[in-house]
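These are my notebook entries on a structure that I went through piece by piece. I wrote down what I looked up and in what order.

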Amino acid sequence: MRIRVALTPAEQLSAPIGVVIDVLRATTTIAQALASGYERVICTTEVDEARAIAVQEGDCALGGERHTVKIEGFDFGNSPTEYLGTPAARTLIFSTTNGTPLLVSAAERCETVLLGSLATLDAVVQAVRAAGADDVVLLCAGVLGELAIDDVYVAGRLAELLGGDLCDSAWAAVHLARSFPTAVAALDASQSGRNLHGSVLESDIAWCARESHLAVVPRFARMIGTAAEVTL
Ligand code: MLT
């Protein structure tokens, strides 16, 4: 299995399998929402698109953030803990700064798109192996187009666990991951982590650093207009 890593969203790699990574916090939060019982998460690039889909769908909840802050008029923000417990609806419409735009873009380039996080680390490794593809790309969401250490850390962890033929980008991610003693140290050191430091959202860093406590693998199911539907 050849493994490449897109260290920033500008590197529009394609492959039969792509794993989108926005560990702080979009892909962790989507995993938690689906694990809690939301049947689908409809991901949009734009906020207005999310509002329009919510009007069409009727029975749904709206979640997401811009620059970490809950979007005005939305039911929930982007903290995974907001999605614990009984779901507010069957469908979650979700829009975030970096994670959901990358997911929409990845769906155009990869036949199968999985969402990766530390919370689902083991399950994602098993799903990629089970898919049996010989070419996999790990796609890092970053922050506003820039490389973010937290996502590269998760890409490195996944690359090391998957093994196979690691390209230089994957080796770079593996070495970055090995340079941190713990996941929380890596997430703390990232721009994504710094964006949460000192706010009421800071506890999300430790939550998103917890490994393999969700036995689910969110995956892209289909496009709904310009939005990407994610299910289990
Ligand atoms: C994003 O998609 O940009 C992130 O998940 C940002 C955040 O932490 O809310």
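Is Thr112 buried or partly exposed? I looked this up first, and Thr112 counts as partly exposed because its relative accessibility is 29%, where buried means under 20% relative accessible area, exposed means over 50%, and partly exposed lies in between, all with a 1.4 Å probe and protein chains only.

Before going on, I noted that this is a predicted model, in which local features need pLDDT of at least 70 and side-chain atom pairs count only at pLDDT 80 or more, while totals for chains, interfaces and linings use all residues. I also noted that residues are numbered from 1 along each chain as its sequence is written, and that side-chain values use heavy atoms, with hydrogens and water left out.

I placed Thr112 in strand 7, residues 112-116, where strands (E, at least two residues) and helices (H or I, at least four) are DSSP runs numbered from the N terminus. From Thr112 to Ala133 I found 21 residues in sequence and 9.9 Å in space, C-alpha to C-alpha.

I then looked at the loop between strand 7 and helix 4, where Ser117 lies. Ser117 is buried because its relative accessible area is 1%, and its side chain reaches the backbone nitrogen of Ala119 at 3.5 Å. This is a polar contact, meaning a pair of N or O atoms within 3.5 Å; within protein, one must be able to donate a hydrogen and the other to accept it, and residues adjacent in sequence count only if both atoms are side-chain atoms.

Thr120 is in the loop between strand 7 and helix 4 (121-131), and Thr120 counts as buried because its relative accessibility is 1%. Thr120 and Gly77 are 43 residues apart in sequence, and their C-alpha atoms are 20 Å apart in space.

**Entry: the ligand**

Which residues are around the ligand? I listed Asp22, Leu24, Arg25, Ala26, Glu65, Thr68, Asn78, Thr96, Thr97, Asn98 and Gly99, each having a heavy atom within 4 Å of the ligand. I read this shell as 2 nonpolar, 6 polar and 3 charged residues.

A backbone N or O atom of Gly99 lies 2.8 Å from a ligand oxygen, and for a backbone N or O atom of Leu24 the distance to a ligand oxygen is 3.4 Å. On its own the ligand has 270 Å² of accessible area, and the protein covers 95% of that.

Gly99 also belongs to helix 3 (residues 99-109), which is mostly covered, with 9 of its 11 residues buried. The buried ones include Gly99, Leu102 and Arg109.

**Entry: backbone angles**

I kept in mind that most residues other than glycine have a negative phi, and that most peptide bonds are trans. The peptide bond from Leu24 to Arg25 is cis, with omega near 5°, and Arg25 is found in the loop between strand 2 (17-21) and helix 1 (26-36).

Thr68 is not a glycine, yet its phi is positive at about 75°; I located Thr68 in the loop between strand 4 (60-66) and strand 5 (69-70). Ser212, also a residue other than glycine, has a positive phi near 55°, and Ser212 sits in the loop between helix 9 (203-209) and strand 10 (219-224). Ser212 is partly exposed because its relative accessible area is 29%.

Key. Areas by Shrake-Rupley, 256 points an atom, 1.4 Å probe, with all protein chains shown as cover. Nonpolar A, V, L, I, M, F, W, Y, C, P; charged D, E, K, R; others polar.
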